Amino acid sequence: MNKLTMIFGAFLLMFSASVNADGHKVKVGMITTLSGGGSGLGIDVRDGFMLAVKNNKNISVIIKDDQRKPDIAVQIADKMIQSDKVDVLTGIIWSNLAMAVVPATVNQGKFYLSPNAGPSALAGKGCHKNYFNVAWQNDNLHEAAGGYANSAGFKKSFILAPNYPAGKDALTGYKRFFKGELAGEIYTKLGQKDYAAEIAQIRASGADSIFFFLPGGMGIGFMKQFSQSGIKIPVVGPAFSFDQGILKAVGNAALGVKNTSQWSKDIKNKANQKFVADFKSAYGRLPSLYASQGYDTGKLLISAMSKAKIKDTDRFRNELRKADFSSTRGKFKFSKNHHPIQDIYVREVIKEGKILTNKIISVGLKDHSNVYVSECKM
Amino acid sequence: MALILFIEQLLNGIQFGIMLFLISAGLTLIFGVMGLINLAHGSFYMIGAFAASIVAGLTGSFWIALAASLCAAAIAGVLIEVLIIKHLYKRDHLDQVLATFALILLLSEGVRWLFGAFPLYLNIPSSLDGSILLPFNIMYSKYRMFIILIGILIALGLYFLISKTRLGIRIRAGQNDREMISALGVDISKLYTIVFAIGAALAGLAGAMIGAIQSIEVGMGEPVLILAFVVIVIGGIGSIKGAFIGSILVGVTDTIGRVFLPNFLNYFMESSNASSLGSSIGSMLIYILMASVLLLKPSGLFGKSE
């Protein structure tokens, strides 16, 4: 009898313990691009995030592929919120998908931590207390590119980007900092691979430099075709077209190109060195900036979870705001509209042995925030 | 200056058209002879590009890689035709669409499983690097010129094959009356396999040639497939000549529209608005072209009217 009571008691204890632990558990829904064009980006974000939350028993992650289609992303988000009952959503790469998913998600009281897309609409008037961007506001890297163009003495830039929210943010960002005049401004089709027509226009425009934002496979095509065209003017761009995942495909055409990034594998701090080494041993390849963003997103989530329960929404949000984690980028703070305040570096594409990679050459913008803070009423 | 730019863009349009022709020629042949809607045609484009990239990595030769793309796509074509497609000829178009759509998913996932999701690369040979000086002081990429020449050679070759050889006679006969040609003792199933392999090989070659200046990744065939369908609808389903004219028409319309529409709109509005509106309308132009052709000639430019 006594024994039985003890066992019963032990069961009760275990039961209550698990109830207690439940409050610390967080269910994460990750919607990202894992198939088709641009899947390299989603895979890197996923791998970075999963590396960060590995061995953390309180986090469970559901991963779904959005195929880079807004309608599919919305369906997945609805299902994750309504039937899987996730607490936090994350993962979206593309700004047009983020615009379709994020507002509805945060309005239903869920948190959204963006590991990549940072459209201006969600930083300004559309900002929300439950929306945090761990990567950058879309304009940021392009602003740094504009700043770099001034210091490199460019006077007449030809600028191009795809016709979607992030593309518009990109050109706006560059123009905000670039003091010279524009030789031309083109919006290309999202997913376009052939740039013969655009390159002919660049040749005819008399530009002294090119700024372009063409993430994923788009940039590979552009760089290869541009280097074959025989036009010899310098190129600057954000890190997206010169990142680890695609440098190999671009090949030597990328050598020497200056690009701007909030992260680089040669940033010297403990968190970053550990991240680069762990990522290499876990996946057998060098991490990209997308992987670093996914990783930081995971670390941010863990930092808030260690201080507050997810059900205690207000406290949890406050802990997120503090950004009390060691970022791979070194210094990291959130601005009032929940976007990073961070250094943006200028990198150059170099060859390390046989591998193309990036090296930091200077700090482009120090403690850089974003211009939309004042528009955000939060 | 403006004229030179225009001619250069015209060449770009023609080059784009030639590439579309290589894909749509196979598509239209397969539809014309077998009556099969093959959505998986874009997968051969992808297979060709992947094969070329891998063979170039092993041998270091672009030319062997091109040959490999032809062979790999043709072999894949034969395998898929014999194993799967063969059973679809007698089914209706809905079954064909469903089955070949499933094939797209299978092939894409298979390629991703084998080679990963990160883009591969294929470099053009140094003999085709850089540009050449054409008359009127036009600088044009050697490699794109090479694509145009290869495309024209293939178009001539196909013309010769269809109009002058025994195989061509059978293909034309197959288009006209399938039952009759098999009643005359022609091994129709072998003919189907050959036609399917030719179509697949051409798409594979296009994939390799384009892969060298773009990126080689999973799913690269699907956007091109949509354009190829636009081409064969404009040109008339089943007609090689229609596919050629349709390709050039689509290529030139798309390129010229994309470039000159924003410039034209610039006269009326502020430059960044003009650029974004112009490129939006520019990307619709080929569909507008298709709609207008269908309005005037419902079975396409060179299609047989029902």
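User: Before we count anything, what counts as a helix or a strand here?
Analyst: This is a predicted model, so keep that in mind throughout. Both kinds of element are DSSP runs, numbered from the N terminus. A strand is an E run of at least two residues, and a helix is an H or I run of at least four residues.

User: OK, how many helices and strands does chain A have?
Analyst: Chain A carries both kinds of element. The count comes to 12 helices and 13 strands.

User: Why is chain A as compact as a globular protein of that length?
Analyst: For 378 residues, the globule rule gives 21 Å. Chain A comes close to that, so it is as compact as a globular protein of that length. Its C-alpha atoms fill a box of roughly 95 × 45 × 35 Å along the principal axes, and the radius of gyration is 22 Å.

User: In the open sheet of 5 strands in chain A, which strands stand at the edges?
Analyst: The strands of this sheet pair in parallel, in the order S2-S1-S3-S4-S5. An edge strand has a single partner strand, so one side of it is left without a neighbour in the sheet. In chain A, that describes S2 (59–65) and S5 (131–133).

User: Which residue is the bridge partner of Thr90(A)?
Analyst: S3 (residues 88–90) of chain A pairs with S4 (residues 111–114) of chain A in the parallel sense, over 3 bridges. The partner of Thr90(A) sits in S4(A), and it's Leu113(A).

User: What angle does the direction of H4 of chain A make with that of S4(A)?
Analyst: H4 (residues 95–107) of chain A packs on the sheet, where it touches S1, S3, S4 and S5 of chain A. Relative to S4(A), the direction of H4 of chain A makes an angle of about 145 degrees.

User: Moving to the contact between the chains, which element gives the largest share of the side of chain A that touches chain B?
Analyst: The contact takes 33 residues from chain A and 37 residues from chain B. On the chain A side, the elements giving two or more residues are H2 (39–53), S7 (181–188), H7 (196–205), H8 (217–229) and H9 (244–250). By class, that side has 10 nonpolar, 17 polar and 6 charged residues. The largest share, 7 residues, comes from H8(A).

User: And chain B, how many helices and strands are there?
Analyst: From the N terminus on, the elements run α-α-α-α-β-β-α-α-α-α-α-α-α. For chain B, that comes to 11 helices and 2 strands.

User: Which residue takes a positive phi in the hairpin of S1(B) and S2(B)?
Analyst: S1 (residues 131–134) and S2 (residues 138–141) of chain B pair in the antiparallel sense over 4 bridges. Leu134(B) stands opposite Ile138(B). The hairpin has 3 residues between the strands, and the one with a positive phi, near 65 degrees, is Phe136(B).

User: How far apart are the axes of H3 and H8 of chain B?
Analyst: H3 (residues 62–83) and H8 (residues 188–211) of chain B pack at an angle of about 140 degrees, in a right-handed crossing. Residues that meet there include Ala73(B) and Gly77(B) from H3(B), and Ala200(B) and Gly204(B) from H8(B). By class, the contact has 17 nonpolar, 6 polar and 1 charged residues. The axes of H3(B) and H8(B) are 7 Å apart.

User: What percentage of the residues of chain B count as buried?
Analyst: To count as buried, a residue needs 20 or more other C-beta atoms within 10 Å of its own. Of the 306 residues of chain B, the share is 51%.

Technical notes
Residues numbered from 1 in each chain as written. Chains lettered and ligands numbered in written order. Predicted model: local features only at pLDDT ≥ 70, side-chain atom pairs only at ≥ 80, totals over all residues. Contact = placed C-beta atoms within 7 Å. Nonpolar A, V, L, I, M, F, W, Y, C, P; charged D, E, K, R; others polar. Pairing = 2+ DSSP bridges. Rg over C-alpha atoms; globule rule 2.2 N^0.38 Å. Axes fitted to C-alpha atoms, helices over the stretch in contact; angles between N-to-C directions. Left-handed = near helix turned anticlockwise from the far one by under 90°. Buried ≥ 20, exposed ≤ 12 C-beta atoms within 10 Å, placed from the backbone.
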